[in-house]
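Colleague: Could you put the model up? I'd like to ask how you back up what you call things.

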Amino acid sequence: MKNLPTGWKDEADAMTETQLRAVIVESSNNLKTVDEEMEQNDALQRLKAKTKDAASGYNDAKKAQKAKIAYALHCLEANGKI
């Protein structure tokens, strides 16, 4: 709800089923357009690559910790402890 444009909730509440379905189609098309524009933005893609490289060590550490948690939960469940 916090991401809705101001007043849009009231507008949507008053819409018919057909209008709501049209909003879904239009918004889906808009998302596709934005995604395509982002992919075609060379500066953005370079920044994304730099960010990905800079964060790779952190992301690997997070993945390892999540895997440890998941396996510990699996062991507890296998032993009937949860």
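Colleague: What makes the contact between Asp13 and Lys9 a salt bridge?

Modeller: This is a predicted model, to start with. In it, the N to O distance between the side chains of Asp13 and Lys9 is 2.8 Å. The cut-off is 4 Å between a Lys or Arg nitrogen and a carboxyl oxygen of Asp or Glu, so the pair counts as a salt bridge. The structure holds two salt bridges.

Colleague: Where do Asp13 and Lys9 lie?

Modeller: Both are in helix H1, four residues apart, which is about one turn of the helix.

Colleague: How many helices and strands are there in the protein chain?

Modeller: Three helices and zero strands, and the order from the N terminus on is α-α-α.

Colleague: Which residues gather in the patch of negative charge on the surface?

Modeller: Asp35, Glu36, Glu37 and Glu39. Of these, Glu37 sits in helix H2, residues 17–40.

Colleague: In which helix is confidence lowest, and in which highest?

Modeller: Lowest in H1, with a mean of 96, and highest in H2, with 98. For the protein chain, mean pLDDT is 97, and 100% of its residues reach 70 or more.

Definitions and conventions: Residues are numbered from 1 along each chain as its sequence is written. This is a predicted model: local features need pLDDT of at least 70, side-chain atom pairs count only at pLDDT 80 or more; totals for chains, interfaces and linings use all residues. Side-chain values use heavy atoms; hydrogens and water are left out. Patches are made of residues with over 30% relative accessible area and no salt bridge: like charges are joined within 9 Å, nonpolar side chains (Val, Leu, Ile, Met, Phe, Trp, Tyr) within 5 Å. Accessible areas come from the Shrake-Rupley method with a 1.4 Å probe; for residues, only the protein chains shown count as cover. Lys and Arg count as positive and Asp and Glu as negative; His and the chain ends are not counted. The place of a charge is taken as NZ of Lys, CZ of Arg, CG of Asp or CD of Glu. Helices (H or I, at least four residues) and strands (E, at least two) are DSSP runs, numbered from the N terminus. pLDDT is the predictor's confidence in each residue, from 0 to 100.
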